[in-house]
Amino acid sequence: MYEQLIEDIKVEKFELLDILHHLSSGMKATFSQITNDGMFTIRQSLGGAAYSAWSGIPAIIEGFNPTVTFEGDNTVMLQQSAKYLMKLYKRAKNGEKLTGMFEYINGVNDLSAKQCSDNSIEGFCDLDNIEKALRNISLYTIKTTIELLNASEENKTKQMNMIFALDVVKMATIHIKYINLKLTIDKFPTHPSVNLVKHGKNLACLLALTHLQEYSSIGYESGYFVKGTLGHINEAVKIMLARIRPVFIPLVEMLPVTDNQLMSAIGNSYGDIYETHLEWAKTSRLNKNEGAIPDGYMENIMPILQGKL
């Protein structure tokens with residue numbers, strides 16, 4: 001799409017500009033936030049070693065953390081993304097048939113009394129069934145949020161920035177998460193590796209299931225979920241984790257990140273965690289008594305550590 005936009009601009013065609021702005025602002029906000037939150041989860045999951053600078057994780061977090069603010073504050077980016085979504089909703093409500101990645105928004109005209117066709121644990125291990133559930137949640141959120149905006153007599157600025165700001169941000173976030181899932185699913189048939197597609201589908205299932213966990217209350221409110229659905233989603237997450245765990249390290253190591261880039265004692269390509277820690281500790285400049293070691297440390301503290309007192 002970006003390449004096409006560049007070619008269009010050369011002949012003064014700008015139809016794709018709104019779409020690209022909608023997607024780039026929404027995806028920047030949504031996935032920088034997911035990544036930022038995920039980094040803290042990773043650090044906590046790796047125990048005390050991850051808090052060490054030698055793990056490389058604090059440096060990665062420090063480097064990435066500002067992305068939720070720079071290049072556009074995430075809240076503002078989602079508000080901008082939501083404005084185009086509201087235009088799409090209006091077009092669909094007026095009878096226009098949307099196409100491409102936004103085709104699903106046509107469903108806002110037919111949301112009544114829909115329930116999940118397969119609420120079983122096995123059903124929530126099926127990517128198509130998961131996609132339908134997230135689509136329903138997104139459609140219901142779009143419909144109810146815009147109805148709130150339309151019913152309000154306040155001016156548009158107050159609606160977007162104050163009264164319904166949280167609703168608008170949630171609406172745009174769920175929509176972007178659904179679009180990401182749908183674009184991913186549509187890419188699988190064109191990939192040449194059967195094994196990678198299988199693993200990719202499991203990863204897509206896992207990510208989408210966490211979205212369903214996060215927004216399950218909307219699924220119940222819309223009537224799409226029934227009693228016990230969330231429990232089945234939780235069990236499906238466990239199944240996906242069991243499927244992914246044996247191949248997760250090879251999948252991560254497919255990324256071309258060298259040891260020199262990562263600079264991590266616990267994530268290097270050799271796996272010699274303790275040996276690397278020991279070597280780095282022995283060669284640390286802190287061992288050189290050039291003002292780095294406090295006076296009296298070697299005489300009073302070191303004998304205790306060596307068991308000589």
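Visitor: Which residue forms a salt bridge with Arg135, and how far apart are the closest N and O atoms?

Guide: In this predicted model, Arg135 forms a salt bridge with Glu131, and the closest N and O atoms lie 3.7 Å apart. Arg135 and Glu131 are 4 residues apart in helix H5, so about one helical turn separates them.

Visitor: Are Arg135 and Glu131 buried or exposed?

Guide: Burial is read from the relative accessible area: under 20% is buried, over 50% is exposed, and values in between are partly exposed. Arg135 is partly exposed because its relative accessibility is 28%. Glu131 has a relative accessible area of 8% and is therefore buried.

Visitor: Where do Lys143 and Glu147 lie, and how many residues apart are they?

Guide: Both Lys143 and Glu147 belong to helix H5, at a separation of 4 residues, about one turn of the helix. Their side chains meet in a salt bridge with an N to O distance of 2.7 Å. Lys143 is partly exposed at 23% relative accessibility, and Glu147 is partly exposed at 35%.

Visitor: What joins the side chains of Glu96 and Arg91?

Guide: Glu96 and Arg91 meet through their side chains in a salt bridge of 2.9 Å, N to O. Glu96 is partly exposed, with 36% relative accessibility, and Arg91 is also partly exposed, with 32%. By the rule already given, the count comes to 7 salt bridges.

Visitor: Which residues gather in a patch of negative charge on the surface?

Guide: A charge patch is built from residues that have over 30% relative accessible area and no salt bridge, with like charges joined within 9 Å. Here the negative patch on the surface is formed by Asp118, Glu122, Asp126 and Asp128. Glu122 is located in the loop between helix H4 (74–93) and helix H5 (127–151). Its relative accessible area is 59%, so Glu122 is exposed.

Visitor: Which residues make the nonpolar surface patch?

Guide: Tyr2, Ile6, Ile9, Phe14 and Leu17 make a nonpolar surface patch of about 460 Å². Helix H1 (residues 2–10) supplies the largest share of this patch, 3 residues. Tyr2 lies in helix H1.

Visitor: Why might one look for nonpolar side chains away from the surface?

Guide: In soluble globular proteins, nonpolar side chains tend to be buried together. In this model, the largest nonpolar core has 61 residues, and those that touch the most other members are Phe102, Ile105, Phe124, Leu209, Leu212 and Phe225. The elements that contribute two or more residues to this core are helix H2 (15–45), H4, H5, helix H7 (165–187), helix H8 (194–214) and helix H10 (229–253). H5 gives the largest share, 10 residues.

Visitor: What is the phi of Glu71, and what is the phi of Met263?

Guide: Most residues other than glycine have a negative phi. Glu71 has a phi near 60 degrees, a positive value in a residue other than glycine. Met263, which is not a glycine either, has a positive phi of about 50 degrees.

Visitor: Where do Glu71 and Met263 lie?

Guide: Glu71 lies in the loop between helix H3 (57–64) and H4, and it is exposed because its relative accessibility is 67%. Met263 is placed in the loop between helix H11 (259–262) and helix H12 (273–282). With a relative accessible area of 48%, Met263 is partly exposed.

How values were computed: Residues numbered from 1 in each chain as written. Predicted model: local features only at pLDDT ≥ 70, side-chain atom pairs only at ≥ 80, totals over all residues. Heavy atoms only, no water. Patch = residues over 30% accessible without salt bridge, like charges linked within 9 Å, V, L, I, M, F, W, Y side chains within 5 Å. Areas by Shrake-Rupley, 256 points an atom, 1.4 Å probe, with all protein chains shown as cover. Salt bridge = Lys/Arg side-chain N within 4 Å of Asp/Glu carboxyl O. Lys, Arg positive; Asp, Glu negative; His and termini not counted. Charge placed at Lys NZ, Arg CZ, Asp CG, Glu CD. Buried < 20%, exposed > 50% of the residue type's maximum accessible area, 1.4 Å probe, protein only. Core = buried A, V, L, I, M, F, W, Y, C linked by side-chain atoms within 4.5 Å.
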